[in-house]
Amino acid sequence: MGKGDVLVRLENVVKHFPIKGGVFLRQVDSVKAVNGVSFEIREGETFGLVGESGCGKSTLGNVILGLEKPTSGRIYYDQQDINALRGAKRRSIRHQMQIVFQDPFESLNPRMTVEEIVGEGLRIQGGMSKKEIHTRVIHMLQRVGLNAEHALRYPHEFSGGQRQRIGIARALIVQPRFIVCDEPVSALDVSVQAQIINLLRSLQREFGYTYLFVAHGLNVVRHMSDRVGVMYLGQLVEVADADEIFAYPRHPYTQALISAIPDVGMRGKPFESALSGDVPSPVNLPSGCPFHPRCPYAKDICRMQMPDTHMVGRAQVMCHLYDDESIH
Ligand code: SF4
């Protein structure tokens with residue numbers, strides 16, 4: 001497999017979380033977090049996954065990594081159905097897939113030293129002496145912009161940006177191929193965000209990593225992604241190359257997200273103000289197109305019928321506006 005080949009493929013992935021109630025704690029409803037998502041991530045690329053909080057993007061990341069089991073659908077990694085794998089093969093793939101968490105303050109064990117945190121994955125893998133692990137940890141710390149003397153310190157002694165560097169070192173030390181970056185900069189100061197994004201990009205250039213980069217705003221993924229998928233209430237409403245999606249946003253929700261970027265859209269207006277109404281509950285999804293209660297272009301068919309996904313130019317768009325002009 002080489003750069004550009006499909007590394008991760010999702011086929012109609014659904015993830016619903018049961019809600020239980022009553023005396024017998026029977027399932028009374030469900031949170032419909034992911035509702036039939038299909039896309040591919042190619043080796044060596046960054047796929048940006050964008051949407052408001054609660055749209056299902058982090059759940060989708062967890063499902064891809066095998067941290068959550070899908071309700072239905074399939075996830076292929078390197079052409080293998082990851083939920084059908086068992087034993088050593090499953091463990092080997094799990095090591096190839098890592099995650100950088102959103103909150104570096106919560107994701108690092110406060111009672112472990114940096115060396116213990118970063119070296120943990122190697123200890124779990126086994127087959128290395130303490131000295132080898134120490135050498136690898138020091139090298140990795142230096143590669144992410146920390147230094148050897150940081151190894152014996154504890155997480156509380158570091159700034160947010162430094163903690164995220166520790167989180168990145170922990171993910172990368174086991175030499176993964178695919179990394180889910182789950183909002184890795186949203187808890188950081190704006191001045192630090194660019195440093196972490198630049199670090200992730202330079203590591204990708206050096207080691208050829210494939211990233212799924214999850215963010216709630218398009219501005220964060222703008223300079224990071226080769227392709228972008230926009231999620232709304234558990235569905236992928238638009239997928240296109242990053243250049244294409246910024247130049248020609250087709251879906252009304254993508255247009256609203258773009259309008260929120262200060263130097264592109266509405267000059268600093270927060271993107272919520274570019275959208276009318278609140279995000280509907282993922283327990284009671286709207287009929288038809290899930291975006292219809294907030295969409296300025298909604299028509300009768302939008303309230304009754306779920307739109308198909310159409311190819312419009314070089315974008316995949318799920319919207320009735322393109323029913324007549326697209327190739328299915
Ligand atoms: Fe708006 Fe209708 Fe398109 Fe949904 S399908 S985004 S409601 S125009």
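These are my notebook entries on a predicted model, taken one site at a time.

**Entry 1: the ligand**

I began with the ligand and listed what surrounds it. I found 13 residues around the ligand. The closest are C289, C295, C302, C319 and H320. I then sorted the shell by residue type. It divides into 10 nonpolar residues, 3 polar ones and no charged ones. I also looked up the space that the ligand takes, and this space is the largest cavity.

**Entry 2: I19**

Next I went to I19, which I found in strand β1, residues 6-21. Is I19 buried, partly exposed or exposed? Its relative accessibility is 29%, so I19 counts as partly exposed; the band for that label runs between 20% and 50%. I listed its contacts, leaving out residues up to four places away in sequence. I19 touches R26, Q27, V28, D29, S30, V31 and V283. I also looked up how far I19 is from D278. The two residues are 259 residues apart along the chain, and their C-alpha atoms are separated by 22 Å.

**Entry 3: E45**

I looked for E45 and found it in the loop between β2 (26-42) and β3 (46-50). Its relative accessibility is 6%, and because buried means under 20%, E45 counts as buried. Which side chain does the side chain of E45 make a polar contact with? The partner is the side chain of R227, at 2.8 Å. I then wrote down the contacts of E45 beyond its neighbours within four places in sequence. They are E40, Q204, Y209, T210, Y211, D226 and R227.

**Entry 4: helix α3**

I turned to helix α3, residues 114-125, and noted its buried residues. They are V114, E115, I117, V118, G119, G121 and L122. What do the buried residues of α3 pack against? They pack against two helices, α4 (130-143) and α5 (160-172). I also checked the backbone just after α3, where G126 takes a positive phi of about 80°.

**Entry 5: Q164**

Q164 has 0% relative accessibility, so it counts as buried. Not counting residues up to four places away in sequence, Q164 touches V100, F101, Q102, P104, P184, L188 and I196. I stopped there.

Notes:
Residues are numbered from 1 along each chain as its sequence is written. This is a predicted model: local features need pLDDT of at least 70, side-chain atom pairs count only at pLDDT 80 or more; totals for chains, interfaces and linings use all residues. Side-chain values use heavy atoms; hydrogens and water are left out. A residue is near a molecule or strand if one of its heavy atoms lies within 4 Å of it. On a 1 Å grid over the protein atoms alone, a cavity is a set of points where a 1.4 Å probe fits but cannot get out, and a pocket is an open set with protein on both sides within 12 Å along at least five of seven lines; lining residues have an atom within 4 Å of a point. A molecule sits in a cavity or pocket if more than half of its atoms lie within 2 Å of its grid points. Ala, Val, Leu, Ile, Met, Phe, Trp, Tyr, Cys and Pro count as nonpolar, Asp, Glu, Lys and Arg as charged, and the others, Gly among them, as polar. Helices (H or I, at least four residues) and strands (E, at least two) are DSSP runs, numbered from the N terminus. Buried means under 20% relative accessible area, exposed over 50%, partly exposed in between (1.4 Å probe, protein chains only). Contact means heavy atoms within 4.5 Å. A polar contact is a pair of N or O atoms within 3.5 Å; within protein, one must be able to donate a hydrogen and the other to accept it, and residues adjacent in sequence count only if both atoms are side-chain atoms.
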